[in-house]
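Thanks, everyone. Let me put the structure up, and then I'll walk through it.

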Amino acid sequence: EPGPPLPGASLPSQQRSCTTRRHMIYVHSKLMIVDDAYLIVGSANINQRSLAGNRDTEICIGAVQEGFESSERSLPDGEVSGFRLSVWAEHFGRFDEKFLAPESLQCMDLVGQMAEENWDAYAGSSQRSLPHGQLMQYPYTVDDHGGVAPRVTFIPDSEHEQAFVIGAKPEASLQLLTT
């Protein structure tokens with residue numbers, strides 16, 4: 001559980017991190033699993049800049065679940081599926097039978113509920129441990145027409161750094177530099 005600031009934590013941001021156990025991190029890795037049949041993991045973005053091999057130095061591996069045995073489920077039941085199940089168990093802190101059918105409404109509801117409860121624990125004023133591993137919902141909503149709106153203005157504890165939940169569109173010149 002969160003405790004008092006450590007004696008050596010002299011900056012307000014250090015004290016806040018010690019008290020709330022919340023700190024900004026930047027992870028530069030990607031993982032995509034499609035239909036329990038295809039897997040890609042690494043640092044590469046799925047675009048020409050990262051994958052062409054002549055601009056950015058990125059690394060990435062891919063895997064395909066070939067020759068899987070069909071079962072009563074519509075998804076393959078092989079190594080890629082096993083990898084997904086282990087990743088989900090790691091991120092949610094437990095295994096649930098509903099994870100075996102990720103396409104089901106029951107699984108989607110459970111994952112959404114656990115991610116929502118983790119966000120509420122993370123962003124709440126009581127600063128308690130996350131109840132379901134470490135995966136959280138990103139703090140925005142998407143309406144029936146695809147409109148996106150933030151649930152909060154800033155990522156918790158970043159009011160001074162101005163870490164907005166939803167940013168602004170860059171100028172056209174910036175878009176040209178980053179594609």
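Where in the chain is S43 found? S43 sits in the loop that runs between β2, residues 38-42, and α2, residues 48-51. Keep in mind that this is a predicted model.

Is S43 buried or exposed? Its relative accessibility is 15%, so S43 counts as buried, the cut-off being under 20%. Now its contacts. Leaving out residues up to four places away in sequence, S43 touches H28, S29, K30, E58 and I59.

Take H28 from that list. H28 lies in the loop between α1, residues 12-20, and β1. Its relative accessible area is 38%, so H28 is partly exposed. With residues up to four places away in sequence left out, H28 touches S43 and E58. E58 is also on the contact list of S43. One distance here: H28 and A44 are 16 residues apart in sequence, and their C-alpha atoms are 8.8 Å apart in space.

Next, the whole chain. How many helices and strands does the chain have? It has 5 helices and 5 strands. In sequence order, the pattern reads α-β-β-α-β-α-α-β-β-α. The chain has 179 residues, and 23% of them count as buried. Then contact order. Take the contacts in the chain with a separation of 6 or more: 35% of them come from residues 24 or more positions apart.

On to the sheet. What is the strand order in the open sheet of 3 strands? The order is β1-β2-β3, and the pairing is antiparallel. β1, residues 30-34, and β3, residues 60-64, stand at the edges. Each of these two has a single partner strand, so one side of each is left without a neighbour in the sheet. On average, neighbouring strands of this sheet are turned by 5 degrees against each other, direction ignored.

Let me go pair by pair. β1 and β2 pair in the antiparallel sense over 5 bridges. Helix α3, residues 79-92, packs on the sheet and touches β1 and β2. The direction of α3 makes about 130 degrees with that of β1.

L31 stands opposite V41 in β2. M32 stands opposite I40 in β2. V34 stands opposite Y38 in β2. The two strands form a hairpin, with 3 residues between them. In that turn, D35 has a positive phi of about 50 degrees.

The other pair is β2 with β3. These strands run antiparallel, and 5 bridges join them. V41 has I61 as its bridge partner in β3. V41 also stands opposite L31, as I said.

Now the core. As background, nonpolar side chains in soluble globular proteins tend to be buried together. Which residues make up the largest nonpolar core here? There are 6 in all: L85, F92, F99, C107, L110 and M114. Two elements give two or more residues to this core, namely α3 and α4, residues 105-123. The largest share, 3 residues, comes from α4.

Leaving out residues up to four places away in sequence, M114 touches F92, R94, F99 and H132. There is also a second, separate core of 5 residues, which includes Y122, I155, A163 and V165.

Last topic, the cysteines. How buried is C107? The relative accessible area of C107 is 0%, so C107 is buried. C60 comes out at 30% relative accessibility, so C60 counts as partly exposed. A disulfide is a covalent bond between the sulfur atoms of two cysteines. How many disulfides are counted here? With sulfur atoms required to be within 2.5 Å, the count comes to 0.

That's the tour. Questions, please.

Key. Residues numbered from 1 in each chain as written. Predicted model: local features only at pLDDT ≥ 70, side-chain atom pairs only at ≥ 80, totals over all residues. Heavy atoms only, no water. Helix = DSSP H or I, 4+ residues; strand = E, 2+ residues; numbered from the N terminus. Buried < 20%, exposed > 50% of the residue type's maximum accessible area, 1.4 Å probe, protein only. Contact = heavy atoms within 4.5 Å. Pairing = 2+ DSSP bridges. Axes fitted to C-alpha atoms, helices over the stretch in contact; angles between N-to-C directions. Core = buried A, V, L, I, M, F, W, Y, C linked by side-chain atoms within 4.5 Å.
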